[in-house]
Structures are given as structure tokens and as C-alpha cells.
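Let's take a walk through this protein together.

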Amino acid sequence: DMSVFGHEDNREGMSVYNEDELKVALWAFEKIAVELGLSLDQMGLITPYAAQHRRFRQALVQKISRQYPGESNREKRKELIQRLARLVGTVYPFQGAERIGIFNSTVRRDQPQKNARGVLTASTGYVGRNMMNVMNTRGQEFLIVFINSETYLNARDPDIREYSERLMKLAERPSDDWPIDRINGGIWTIFPHVSIANFDVG
């Protein structure tokens with residue numbers, strides 16, 4: 001079943017973005033930052049798609065501008081906006097880098113279709129196993145993945161399908177030691193290791 005977060009992704013030139021995932025990822029990102037007392041430099045927000053990256057950055061710039069308005073805050077705004085380059089990025093700038101917490105936005109929402117053999121398959125675009133591995137190994141203490149399991153568990157690429165199955169098996173529903181009660185009905189966790197924001201949960 002497709003939940004309210006199950007809308008198809010949108011195209012922008014050769015890239016794609018997903019507004020539903022963007023909104024929930026930013027909300028979760030801010031909530032965890034506040035509750036755990038983490039600074040911008042201690043977290044990373046990774047997405048494989050440039051269109052999604054631009055929207056994350058634009059939303060954060062707008063938030064900074066609202067929080068620090070006026071001429072008297074110009075230098076503060078400039079400093080925080082410059083720090084966004086370390087916080088938000090596509091996959092390859094994060095190679096070799098680590099943060100206390102990582103948030104991954106996988107973006108793709110492709111409804112599986114039966115192929116000629118009658119097997120359900122879905123497109124994950126150019127995201128391959130190596131790219132997924134980089135995204136999911138940058139967190140020192142926790143990782144939160146925003147993903148549409150229907151898409152990734154039915155990926156045409158068997159390596160992505162297998163990787164996604166292994167990733168899902170790492171995720172469990174929150175236990176008593178989860179420091180934030182429950183971000184929303186679609187997030188499971190074995191904090192401080194891996195959390196899954198699964199947008200087909202409904």
C-alpha cells in the first residue's frame with residue numbers, strides 16, 4: 001500500500017527530487033539535532049540526486065534567513081550558510097568523511113511493474129551498490145535512511161535489491177533506549193546504529 005509519503009518522484013532535467021521525503025527528512029533532521037544537541041558540523045544530509053540536494057540547501061538557507069533576519073545578523077547568516085557545504089551534499093563529497101549522525105535521502109519512488117517474466121521490478125535510477133554503501137557507512141553513531149522499500153526491494157539491479165534487504169533487516173521498531181519517542185509512524189530503529197524511514201508503512 002502506498003502511504004501519504006508514497007508519491008512518485010519528480011524530474012528536473014536529468015535529475016529527480018521528492019518533496020514528501022524532503023519535508024519529512026528536514027523535520028526529522030531538526031528534531032534530532034535539537035533533542036541530541038548536535039551542531040551542523042556533527043551531522044550530514046546525503047542524497048544521490050542534485051535536484052534533491054538543491055532543495056535541501058534552499059530550504060535550510062530559507063530557515064537560516066528566517067531565524068537570523070536583518071542587517072545585524074548578516075555575518076551570522078553568512079557563516080551558517082557557508083557551513084551548509086559541509087552538512088548537505090551528494091554522495092561523492094562524503095567519501096572518506098564521517099559525522100556523528102547521517103541522514104540519507106534516497107529519493108526514488110518507482111511503482112514496481114511486471115517484466116516479461118512476470119517479476120515485479122522498479123527503477124532506482126543510477127544508484128548502485130557502491131553508492132549506497134558510501135551513503136550508509138558515514139555515520140559514527142547513527143544512520144537514518146529515508147527510503148521507499150517497495151521500490152528498493154524490487155530494484156531491477158539485483159545488487160541493490162540484496163543490499164536493501166540486508167539494510168531492512170538491520171532496522172527494528174524503537175525500543176525504550178531510543179532517545180526520541182517516535183519521529184513518525186514510518187521510522188524504525190536500533191539506535192544508535194540504523195533507522196529506516198519507510199514510506200510505504202502507511
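**Starting from a buried isoleucine**

Ile 102 has a relative accessible area of 0%, so this residue counts as buried. Please keep in mind that the model you are looking at is a predicted one. Ile 102 sits in strand β5, and the strand as a whole is mostly covered, with seven of its seven residues buried.

What surrounds Ile 102, once its neighbours within four places in sequence are left aside? Its contacts are Gly 44, Ile 46, Phe 94, Met 135, Arg 138, Gly 139, Phe 142, Leu 143 and Ile 144. Take Gly 139 from that list: it is 37 residues away from Ile 102 along the chain, yet their C-alpha atoms are separated by 5.0 Å.

β5 runs parallel to β3, and four bridges join the two; here Ile 102 is the bridge partner of Gly 44. β5 also pairs with β8, again in the parallel sense, over six bridges. In that pairing, Gly 101 has Phe 142 of β8 as its bridge partner.

In soluble globular proteins, nonpolar side chains tend to be buried together. The largest nonpolar core in this model has 24 residues, and those that touch the most other members are Met 43, Phe 56, Leu 87, Phe 103, Phe 142 and Phe 146. Elements giving two or more residues to this core are α1, β3, α2, α3, β5 and β8. Which element gives the largest share of this core? It is α1, with eight residues.

Beyond its neighbours within four places in sequence, Phe 56 is in contact with Leu 22, Ala 25, Leu 26, Leu 45, Thr 47, Val 88 and Ser 105. Apart from this core lies another, of 22 residues, including Val 107, Ala 155, Tyr 163 and Met 168.

Finally, have a look at the largest pocket, which holds about 500 Å³ of space. Its lining is made up of 21 residues, and Glu 30, Leu 40, Leu 60, Lys 63 and Gln 67 lie nearest the centre. The elements that give two or more residues to this lining are α1 (19–36), α2 (50–67) and α3 (74–87), and α2 provides the largest share, seven residues. Sorted by class, the lining has 13 nonpolar, three polar and five charged residues.

Terms used. Residues are numbered from 1 along each chain as its sequence is written. This is a predicted model: local features need pLDDT of at least 70, side-chain atom pairs count only at pLDDT 80 or more; totals for chains, interfaces and linings use all residues. Side-chain values use heavy atoms; hydrogens and water are left out. On a 1 Å grid over the protein atoms alone, a cavity is a set of points where a 1.4 Å probe fits but cannot get out, and a pocket is an open set with protein on both sides within 12 Å along at least five of seven lines; lining residues have an atom within 4 Å of a point. Grid points are joined across faces, edges and corners, and a volume is the space filled by probe spheres set on the points. Ala, Val, Leu, Ile, Met, Phe, Trp, Tyr, Cys and Pro count as nonpolar, Asp, Glu, Lys and Arg as charged, and the others, Gly among them, as polar. A nonpolar core is a set of buried Ala, Val, Leu, Ile, Met, Phe, Trp, Tyr and Cys residues joined through side-chain atoms within 4.5 Å. Buried means under 20% relative accessible area, exposed over 50%, partly exposed in between (1.4 Å probe, protein chains only). Contact means heavy atoms within 4.5 Å. Two strands pair if DSSP finds at least two bridges between them.
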